[in-house]
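Trainee: I would like to go through the helix packing in this model. Can we take it one question at a time?

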Amino acid sequence: MAKPLQIEVHNPNGKYRVISTKPMPGTRWINLLIEQNCRLEICTQKKTILSVEDILALIGDKCDGVIGQLTEDWGETLFSALSRAGGKAFSNMAVGYNNVDVNAATKYGVAVGNTPGVLTETTAELAASLSLAAARRIVEADEYMRAGLYEGWLPHLFVGNLLKGQTVGVIGAGRIGSAYARMMVEGFKMNLIYYDLYQATRLEKFITAYGNFLKANGEEPVTWKRATSMDEVLREADVISLHPILDKTTYHLVNKERLSKMKKEAILINCSRGPVIDEVALVEHLKANPMFRVGLDVFEDEPYMKPGLAEMKNAVIVPHIASASKWTREGMATLAALNVLGKIKGYPVWSNPNSVEVFLDEKSPPPAACPSIVNSKAIGLPVSKL
């Protein structure tokens with residue numbers, strides 16, 4: 001018999017049994033559950049990714065809801081078990097839910113929550129950070145210093161790219177893509193070219209106004225352009241950041257052919273979803289084009305990288321930390337907990353899952369609503385009138 005998983009129990013006599021498959025940042029989410037008569041069990045097992053069998057053991061014979069992670073495989077097996085245990089809700093502590101079979105959850109009447117509306121600025125900031133790190137070769141220079149190789153200033157030592165006056169390209173100008181574009185335009189006076197199926201009117205108006213401000217103060221105005229194709233962005237931009245959703249149409253959106261369309265000294269940033277890039281093709285392109293640089297927060301076969309990527313000096317790679325600011329991660333934990341709690345208590349669904357500040361205000365109790373349930377219509381949940 002397998003050894004039982006280690007758990008930490010809060011409010012052992014609570015009426016509703018809620019499982020969290022991982023410890024999460026902050027304490028507010030814990031207190032919110034306890035205050036509503038939940039027995040909270042947090043899995044503290046020293047294991048990065050829990051297996052389906054592990055989670056089945058956690059669910060047991062009675063479980064009202066589970067807070068899970070995007071590394072877990074939530075499909076038919078887990079949702080059927082959760083339903084048998086009386087479970088009503090599951091929430092990812094993430095905005096994405098590619099790890100969740102929503103149809104299976106719906107089949108068993110389980111609400112699936114996610115945590116949008118809290119990651120926009122922090123994800124855009126990381127994309128901007130990777131852009132700077134790649135452009136100015138910061139990671140290479142840091143390693144050089146730590147290795148004791150620096151003997152004095154040299155004219156050609158770690159020469160990188162100037163961003164001011166260059167063109168930043170954005171593929172997918174939704175909330176995160178637009179926030180990133182604004183940072184790069186306003187922060188470094190870059191011009192923008194973007195591609196999106198929908199016009200980013202607010203972003204266009206912002207850049208137009210900022211350009212007029214610069215012109216009025218005797219500076220070169222910034223410009224924007226909405227591309228008619230993704231390839232147009234790839235050809236014209238000096239820095240390109242990817243912000244699409246992941247579906248069948250965006251799998252390997254950036255492949256060998258599209259990499260070849262980019263400038264030889266371009267910078268490619270991905271903080272969206274790993275499979276948007278053909279990572280094998282990317283490694284080959286990095287080898288063949290040493291002045292081409294990339295900044296990656298996500299990977300095609302996470303947590304693994306394709307062979308050769310780790311050895312590329314022209315790649316800046318970080319372990320899926322786009323949302324890893326204290327405020328954001330604590331907010332994600334709170335939203336995930338409130339999704340589960342709300343379904344258990346029979347609350348309606350919040351009308352705008354991208355406007356969740358009211359749930360994060362620690363000075364006031366959160367509204368009696370589920371912040372974001374992706375299958376709310378399919379399982380017939382009402383919408384809050386608050």
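Predicted model: local features only at pLDDT ≥ 70, side-chain atom pairs only at ≥ 80, totals over all residues.

Mentor: Residues are numbered from 1 along each chain as its sequence is written, and side-chain values use heavy atoms, with hydrogens and water left out.

Trainee: Is helix 5 roughly parallel, roughly antiparallel, roughly perpendicular or oblique to helix 7?
Mentor: Helices here are DSSP runs (H or I, at least four residues), numbered from the N terminus, and strands are runs of E, at least two. The axes of helix 5 (residues 120-135) and helix 7 (residues 175-188) come within 8 Å and cross at roughly 50 degrees. Axes are lines fitted to C-alpha atoms, for helices over the stretch in contact, with angles from 0 to 180 degrees between N-to-C directions. Under 35 degrees is roughly parallel, over 145 roughly antiparallel, 65 to 115 roughly perpendicular and the rest oblique, so helix 5 to helix 7 is oblique.

Trainee: How many residues of helix 5 are buried?
Mentor: Buried means under 20% relative accessible area, exposed over 50%, partly exposed in between (1.4 Å probe, protein chains only). Leu126, Leu130 and Ala134 are among the buried ones. Helix 5 is largely enclosed by the rest of the structure, because the buried count out of 16 is 12.

Trainee: Which residue just after helix 5 takes a positive phi?
Mentor: Helix 5 itself reaches 23 Å from first C-alpha to last, close to the 22 Å expected at 1.5 Å a residue. That expected span is 1.5 Å times one less than the number of residues. Just after helix 5, phi is about 55 degrees at arginine 137.

Trainee: Is helix 1 roughly parallel or roughly antiparallel to helix 12?
Mentor: The axes of helix 1 (residues 28-35) and helix 12 (residues 326-345) come within 8 Å and cross at roughly 20 degrees. That makes helix 1 to helix 12 roughly parallel.

Trainee: Is threonine 115 buried or exposed?
Mentor: Threonine 115 is in the loop between strand 6 (111-113) and helix 5. Threonine 115 touches residues including Asn92, Val95 and Met332. Its relative accessibility is 0%, so threonine 115 counts as buried.

Conventions
Contact = heavy atoms within 4.5 Å. Lists of a residue's contacts leave out its neighbours within four places in sequence.
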